[in-house]
Each structure stands twice: as C-alpha cells, then as structure tokens.
Amino acid sequence: MAKKKTNSKTSTKKKLKLPSFQLSSQQKLVFGSFLVIFGIVLCIAFVSFLFTGEADQSTLSDFASREVKPKNWLSKTGAWLSDLFIQRGFGISSFIFSGLCCLSGVYILTDSNKTKLRKHWFWGILIIIWLSVFFGFFGSKIDILGGTVGFEINTYLQDYIGKIGVSLLLLFGVITYLAIRFRLTFESFANLFHSAKKDIKDEFTMANDELIVPVDNNLTEEAEAFKSAFDIKEKETIDTAFDDDLNDDILGDNMTLNTIDTEEKEVLTNTALEVNIAEEETEEEDLSIEVEKVAEEQSETDNLSDKLVADFGLFDPTLELAKYQFPTLDLLRKYDSEGITINQEELEENKNRIVDTLKNYNIGIANIKATIGPTVTLYEIVPEAGIRISKIKNLEDDIALSLSALGIRIIAPIPGKGTIGIEVPNKNSTIVSMRSVIASKKFQSSDMQLPIALGKTISNETFVVDLAKMPHLLMAGATGQGKSVGLNAVLTSLLYKKHPAEVKFVLVDPKKVELTLFNKIERHYLAKLPDSEDAIITDNTKVINTLNSLCIEMDNRYELLKSAMCRNIAEYNAKFKERKLNPNEGHQFLPYIVLVVDEFADLIMTAGKEVETPIARLAQLARAIGIHLIIATQRPSVNVITGIIKANFPARIAFRVTSKIDSRTILDGAGADQLIGRGDMLYTQGNDLIRVQCAFVDTPEVENITDFIGSQKAYPEAYMLPEFVGEESGTSLDIDISDRDSLFKDAAIVIVTAQQGSASLLQRKLKLGYNRAGRLIDQLEAAGIVGPFEGSKARQVLIPDLTALDNHLENEIQ
Ligand SMILES: Nc1ncnc2c1ncn2[C@@H]1O[C@H](COP(=O)(O)OP(=O)(O)OP(=O)(O)O)[C@@H](O)[C@H]1O
C-alpha cells in the first residue's frame with residue numbers, strides 16, 4: 001500500500017512538472033498524421049539506403065545541384081536523411097526512430113495516454129544507443145550497422161576499459177534493461193531454474209511410479225512410514241482440493257478415494273503436495289504483482305465539457321472586449337507630500353506629555369513605543385504592574401486635554417498585544433494617494449474577488465479588503481469628512497482590477513453631482529433598467545424600481561445557481577468557464593453587481609419602507625449570487641440605519657461623525673467622533689476597529705480614469721437589469737399591441753419556425769441582449785404565441801406554422 005502511495009505521489013509530482021500542451025482536434029489530426037507520414041518517409045529512405053547508400057555517398061555534397069540524381073527512392077531528401085541517421089548517426093538501429101515517429105503519430109491521432117508514449121521514446125532511444133554500440137563493437141571501421149555514433153563510442157570506451165570491459169558493459173546494459181523494463185528479479189531467475197528442476201523431478205517421479213505399480217500390494221517399510229507421516233497432510237490436502245476449483249483433476253480422483261488402492265493414494269499424495277507447493281509459490285509471486293492504476297471513469301457531461309474545453313479552451317468572459325485596456329497608473333496623481341516624515345521633536349514632545357499626564361494621575365509607565373502612520377501616531381504604553389486599565393480608559397478626555405489635540409483615541413488594551421494604545425494626530429498629516437495604494441504589491445497581487453484598496457493603516461501598510469467577503473458595506477460620516485472620496489476610492493479600486501465583463505455598478509446618487517463622472521463608462525461598467533435613459537439613478541422613485549429589479553435579478557440568479565447545482569457565484573462562473581453549463585438553458589457568465597447608494601438617509605426619508613424592504617432583502621440574500629451593496633449616509637441615526645439593515649451590513653466604515661451616539665449607531669461603540677476628518681476613518685468587519693487613512697482620489701483623477709475607459713470600445717449597451725413593473729402598471733402580460741417591440745414579428749417567425757419558445761434562441765438568431773429577448777418572449781406569451789414559463793424547459797409554441805401565425809396576427813389586429 002505504502003509503496004503504491006509513494007508511486008502515485010511521485011507520478012503526480014512528475015505530472016505537475018511537465019508542461020501540458022492542449023491541442024485542438026484539428027491540430028491533433030494535422031500533427032498526428034504528419035508524424036505517421038514522417039515515420040514512413042524515414043523507413044522508406046532507410047530501406048532504400050541499404051541498397052543505394054553507397055552509390056549515393058558522392059552525391060551528398062552536391063545537395064543543391066539539380067543535375068545530381070541520387071538513387072535513393074526518396075531522392076536527395078531520402079539520401080540526406082538516411083545518411084544523417086544511419087551513416088553519421090546510429091546505424092541500422094535508426095529504424096527504431098521511424099517506428100517511434102509513426103507510434104507518436106498514432107498516439108496523437110487516437111489521443112492515447114502520453115505517459116506511455118514518453119516511455120516508448122525513452123526506452124527506444126536507449127535501445128538505439130545500445131544497438132549502435134553493440135554493432136559498433138564488431139566493426140573495425142564506421143559502417144552502416146553501428147553508424148558513426150556506435151563506432152566512436154566503442155573506440156572511446158575501448159581506449160579506457162578495453163574490449164572485455166565494453167562487452168561486459170553491454171551485458172550489464174541488457175541486464176539493466178530486462179530488470180527495469182520487464183521487472184525481472186534475481187528470484188524470478190531462481191524460480192525459472194527451480195521450476196525447470198521440478199519439471200525434471202516430476203518426470204522422474206512419474207517414471208518411478210510407473211515402475212512401482214506392479215508391486216502395489218506390498219508396500220515397503222519406508223513407503224509405509226512415508227505414508228503415515230503424510231496421512232494428516234493428505235487429509236488436509238484432500239479437503240483443500242475439494243474447495244479448489246483449480247485442482248479439478250485431483251478432485252476427480254479424490255471422489256473415488258475410498259475405492260482407489262494405496263499406490264494410487266500415494267501418487268495422489270504426491271500430486272496434492274505438489275499442488276500445495278505450487279500454491280505457495282504463486283502466493284510468493286503475488287507479492288511482487290504490481291496493481292495497475294485504473295483511471296477513473298468520467299461522466300458524460302464531463303466528457304463533453306472536457307472536449308469543448310480541449311477544442312475551444314476555457315470560456316473567456318472578457319472576449320467581447322478582448323482589447324480592453326485597464327487604466328494605467330499615470331492617470332492618478334502623485335503627491336509631493338507622500339511618504340512619512342518623522343518629526344523627532346514632535347514625537348518627544350508627545351511622549352513627554354503622555355508620561356506627564358499619566359504621572360499626574362499616578363500611572364507609571366514601564367515602556368512606550370511609537371508607530372507613525374500617515375495621519376496619526378500610535379503610542380503603545382506598557383503601564384507599570386498593578387495599574388488598572390479602566391483607570392487609563394477613564395482618563396481619555398484628560399489626556400486629550402493635556403495633549404491639546406483633536407482626535408485622540410485610546411485603545412485599552414490593544415487586542416492581542418497586551419498594551420495600551422494612544423493615537424495622537426500628527427501635526428502634518430500626509431496624503432495617502434490613490435496611486436500609492438493601487439500601485440502597492442498587496443493590491444496588485446491580491447487574488448480577491450472584488451479587491452478594494454481603502455487606504456493605509458496606522459503602521460503605513462496598504463489596507464486591502466475584499467468586498468465579496470464583506471459582503472455589504474455601510475459607510476457613514478458627517479458632511480465633508482471624506483465619504484464621497486471613499487466611495488470614489490472603492491469604485492476606482494474595482495476599475496483598476498476588474499474587467500468590464502466581471503463587474504457592473506448600479507449607481508444611485510440623489511445628490512446628482514457626486515457620481516456623474518461615471519456616466520462615461522456606462523456601456524462598460526454600468527447596469528441599468530431597460531427603459532431608463534440615464535444609468536446613474538438620481539430620481540428617488542426610480543431607485544425603488546431599480547432595487548426591486550435587483551431583487552428579480554437576484555431571484556433569477558438563484559434559479560441559475562440552483563439548476564447548475566452551485567452554492568455561489570464563484571463556483572457557478574468557474575463551472576461556466578469550464579463549459580459545463582449550457583448557454584442554451586439560459587446559463588451565462590454572471591458579473592458581480594455592486595450597488596452604490598450615496599446619501600441613503602435621503603432615500604429613506606422620501607421612500608421609507610419601499611426602499612428599506614428590497615435593500616433588506618438584497619442584504620440578506622444577495623451575497624451568494626454576487627450582488628454587493630455599498631450604502632453611504634451622512635446621518636447614521638437609528639431611523640436611517642434600522643436594525644434589519646445594520647444586522648446585514650457587518651462591514652462598516654465610519655468617517656468622522658459629530659456625536660458619540662452616531663458613532664455608536666454605526667460602529668456599536670465610540671471612536672468615530674474622535675477622528676480628525678479628511679479621510680481619517682475606522683473600519684470594522686464585525687470585530688476589531690482598524691484605523692485607516694482613506695486613499696485620496698480627486699475629481700480630476702476620476703475624470704481621467706473614466707475618460708480613459710470611456711474612449712475604448714464598449715458593449716452595445718449598458719448591462720440590462722430585469723424589468724420591474726410596479727403595481728400601478730398592471731401585470732406584465734397586458735402588453736398593448738402598439739407597445740410591442742419592433743422585432744416582435746421577426747421573433748414570432750423565429751419561434752414558430754423552430755417550434756421552440758426560448759429566449760436564448762431569440763438572442764442568438766436576432767442577436768439580442770438577454771433582457772430584450774426576455775421581453776419579446778413575454779410579448780409573445782401575451783399574444784398567445786408561446787405558452788407560459790415552464791422552468792428550465794423551453795416554452796411550448798402554440799402556433800403550428802407560419803401560415804397559422806399570419807392568420808393569428810391578422811385576427812389580432814381586427
Ligand atoms: N482621504 C482623504 N485625504 C485627504 N483629504 C480628504 C480625504 N477625503 C476627503 N478629503 C477632503 O475632504 C473634502 C470633503 O470630502 P468629501 O467630499 O468626500 O466629503 P463628503 O463626506 O462626501 O461630504 P458630503 O457628504 O457633504 O458630500 C475633500 O474635498 C478633501 O479635501
């Protein structure tokens with residue numbers, strides 16, 4: 001077992017090292033047949049060389065001249081190839097080359113196991129060399145038997161180990177080959193010898209028995225002793241023989257055991273004993289039998305998808321915009337004041353103040369350490385033994401007063417460190433540019449699904465989080481503290497990392513001015529409702545429709561995931577890329593959708609429950625299907641951020657807020673009221689608070705990026721969300737004839753001709769987007785041309801042919 005395991009381990013290791021070339025079926029046909037033909041060419045040339053080689057010797061130097069006519073059946077090429085392989089190469093063993101070429105071709109054509117082919121090549125080449133040396137051993141000059149290689153190796157070896165040495169070396173080669181290739185062991189030689197000996201012995205015994213037969217009734221004393229000694233054994237053997245199918249002959253004899261005479265019994269005993277020995281031997285051999293690894297059978301769908309992947313490669317969702325270029329770093333501004341400068345004086349001053357203040361309250365400090373961040377410096381204090389932490393915590397305001405600085409935050413104790421932290425704002429804060437965080441290795445090499453570079457932590461590390469893991473983000477902060485910049489930083493991060501095929505934004509901007517710049521990338525990155533003009537939603541009534549539409553999209557996506565038997569969007573998309581999901585059944589690559597709501601308080605004020613319900617539904621359920629919410633608000637009061645919303649937004653960002661109560665609403669604790677503003681923020685994902693300086697991205701930078709993306713080739717339209725028809729507009733089936741899509745008739749013809757009521761058929765035939773095709777199907781249903789939705793099956797077509805369709809439509813108009 002252990003041996004088997006190691007074997008399989010090493011083989012997987014080997015497999016991992018080898019590069020895998022995936023040839024398409026056509027390439028396999030071309031390459032495979034080329035190799036077979038090349039092998040045949042070599043064989044013909046070599047055979048011809050045996051007869052014409054000598055005559056062609058002189059013509060080889062005039063290869064370029066057309067007057068020279070070589071005798072080789074394949075003319076100059078044949079003469080040259082066979083001279084190269086046989087004369088200058090390995091002699092007649094070169095025939096193996098032609099065989100190997102043909103074999104490789106056949107392997108490629110039949111798509112057989114390549115490991116076996118590699119083995120054939122390995123052993124083939126070794127045999128070629130061995131044969132060439134072997135033949136070279138007998139020749140006194142270069143000849144076609146051993147070729148130049150054989151001759152030269154021989155001369156070289158004979159110079160060092162002599163003729164006897166070379167012959168022994170060749171013998172050793174044969175033994176090694178037999179041992180490795182045919183797993184021959186010393187025991188198998190011995191067994192061979194043993195069985196030969198036994199055969200002779202058998203013959204001998206048989207002959208003896210024949211001699212004994214005539215004196216059957218008079219057993220000698222020795223024979224009697226022999227018999228009694230084996231009596232028990234005989235019985236056992238006979239029993240075993242009864243069970244043993246292999247010993248049918250003996251079985252036959254044993255059946256009549258009572259009737260046979262002693263001599264026959266004796267013969268039988270001998271035979272049975274031998275069977276026993278033979279069995280033991282087989283058992284011994286069994287130990288060395290190697291169990292061949294059986295390849296696991298693949299199911300039919302796997303085979304089909306594997307074939308598709310082999311033919312077309314993995315599905316590439318970015319193919320439609322294959323030439324899309326990600327924005328470059330130089331679109332972002334570089335700031336002079338970047339990089340942290342240590343102001344020794346300031347550090348010393350703050351340290352003294354902290355020590356003095358604490359001394360005033362009889363708190364001694366054993367140790368103090370400073371970590372300088374972009375906007376604040378963290379002083380870590382180890383108090384003297386016996387000092388209660390709560391005492392320091394209570395002195396927060398006093399320490400802040402004596403340090404006469406805004407934004408002091410005391411963390412007592414720092415989780416996991418056993419020290420007390422005092423964050424003191426730097427006199428001169430440094431700007432954390434978006435460029436520096438985007439360029440950071442941490443962001444660039446992150447393999448997160450939706451990476452967001454938020455800024456830098458207090459220890460000046462780039463802070464990157466995965467929106468897909470959050471899974472929804474709540475952002476709050478008083479006006480002018482950096483919310484909009486924060487939102488822009490989030491969107492910019494995604495633009496720098498995600499292809500338009502991979503992520504779509506739904507932007508809600510009641511302030512109408514904050515996100516307008518993103519209009520330029522509408523057809524690349526934005527998603528919108530089918531009949532809305534602007535992709536960025538500024539009208540509060542439209543927000544309700546959009547949110548409900550997202551709920552429909554969510555339900556649709558769950559249906560798709562269910563039928564694909566996937567638990568989340570990542571699994572689903574991976575399966576789709578591997579071509580395991582059929583687009584004809586409605587499957588498609590699903591981009592992430594990020595809903596950004598700037599000024600959520602305003603929405604709640606105007607729309608209340610109508611907004612809260614879909615938001616809560618999305619927040620509760622949308623994480624698995626790739627819809628993520630980012631909600632920003634100025635007023636983090638309890639009537640805006642209700643319990644249900646809070647419960648579903650574990651990731652929160654707090655910019656500076658004006659009151660402790662607001663801080664509590666957003667962070668479930670104080671802290672946000674002590675921030676210094678201008679992008680200074682606290683981030684939590686349910687546990688610790690992390691102080692981060694938000695990356696700064698200015699409007700011109702966003703404009704540069706959106707211009708850069710907007711100037712590139714885009715999709716024909718923005719990503720269409722499913723249509724949501726509000727209650728007041730009636731049911732979707734009451735479609736007015738005049739409101740029908742311009743392609744309604746074409747769609748009806750396609751559906752009736754194909755007798756298959758599926759939206760994806762329309763998508764393909766009429767080159768439509770999924771949403772328009774879906775709308776057409778609804779209209780066809782309303783017109784009574786197709787039946788109702790039947791889950792994963794195509795809808796039933798109610799009109800049998802085109803004539804009936806014409807009649808149907810005419811009747812409709814009347
Ligand atoms: N990360 C940052 N680094 C440096 N300065 C910043 C940062 N974030 C914001 N600021 C400064 O604060 C100003 C206001 O920021 P921003 O417009 O994001 O505030 P806001 O919270 O969106 O305000 P409002 O709610 O009124 O729109 C910016 O113009 C900028 O000067």
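This is a predicted model: local features need pLDDT of at least 70, side-chain atom pairs count only at pLDDT 80 or more; totals for chains, interfaces and linings use all residues.
Residues are numbered from 1 along each chain as its sequence is written.

## Two pairs of packed helices

Two packed helices are described by the angle between their axes and the distance between the axes. Helix α12, which covers residues 344-360, packs against helix α14, residues 396-403, at an angle of about 135 degrees and with the axes 10 Å apart. That angle makes α12 oblique to α14. The contact between them is formed by Asn350, Arg353, Ile354 and Thr357 on the α12 side and by Asp398, Ile399, Ser402 and Leu403 on the α14 side. Sorted by type, the residues of this contact are three nonpolar, three polar and two charged.

A second pair is made by helix α19 (residues 540-564) and helix α22 (residues 609-621), which pack at an angle of about 30 degrees with their axes 9 Å apart. The angle makes α19 roughly parallel to α22, and α19 passes α22 in a left-handed crossing. From α19, the residues Val543, Ile544, Leu547, Asn548, Leu550, Cys551 and Met554 meet Glu610, Val611, Pro614, Ile615, Arg617, Leu618 and Leu621 of α22. The residues of this contact divide into 11 nonpolar, one polar and two charged.

Axes are lines fitted to C-alpha atoms, for helices over the stretch in contact, and angles run from 0 to 180 degrees between N-to-C directions. Angles under 35 degrees count as roughly parallel, over 145 as roughly antiparallel, 65 to 115 as roughly perpendicular and the rest as oblique. Ala, Val, Leu, Ile, Met, Phe, Trp, Tyr, Cys and Pro count as nonpolar, Asp, Glu, Lys and Arg as charged, and the others, Gly among them, as polar.

## The protein as a whole

The secondary structure of the protein comes to 29 helices and 15 strands, which are DSSP runs (H or I of at least four residues for helices, E of at least two for strands) numbered from the N terminus. Of the 814 residues in the protein, 33% are buried. Residues 24 or more positions apart account for 67% of the contacts with a separation of 6 or more, a contact being two residues whose C-beta atoms, placed from the backbone, lie within 7 Å.

## The annotated binding site

In the unreviewed UniProt entry, the annotation "binding site" covers Gly477, Ala478, Thr479, Gly480, Gln481, Gly482, Lys483 and Ser484; such annotations use the numbering given here, with feature names shortened, and may be inferred rather than shown by experiment. Ala478 lies in the loop between β7 (473-476) and α17 (483-497), and, leaving out residues up to four places away in sequence, Ala478 touches Gln634, Arg656, Val657 and Thr658.

## Burial and backbone

A residue is buried if 20 or more other C-beta atoms lie within 10 Å of its own, exposed if 12 or fewer, and partly exposed in between, with C-beta atoms placed from the backbone.

| Residue | Other C-beta atoms within 10 Å | Class |
|---|---|---|
| Ala478 | 20 | buried |
| Lys483 | 24 | buried |
| Met434 | 29 | buried |
| Arg579 | 20 | buried |
| Ser75 | 16 | partly exposed |

Met434 sits in helix α15 (residues 434-439). Beyond residues up to four places away in sequence, Met434 touches Leu332, Ala489, Thr492, Ala695, Phe696, Val697 and Glu701. Met434 and Gly455 are 21 residues apart in sequence, and their C-alpha atoms are 7.6 Å apart in space.

Most residues other than glycine have a negative phi, and most peptide bonds are trans. Ser75, in helix α3 (residues 75-90), is not a glycine and has a positive phi of about 55 degrees. Arg579, in the loop between α20 (569-577) and β10 (592-597), has a positive phi near 60 degrees. The peptide bond from Met470 to Pro471 is cis, with omega near -10 degrees, and Pro471 is found in the loop between β6 (462-466) and β7.

Definitions and conventions
A crossing is left-handed if the near helix is turned anticlockwise from the far one by less than a right angle, and right-handed if clockwise.
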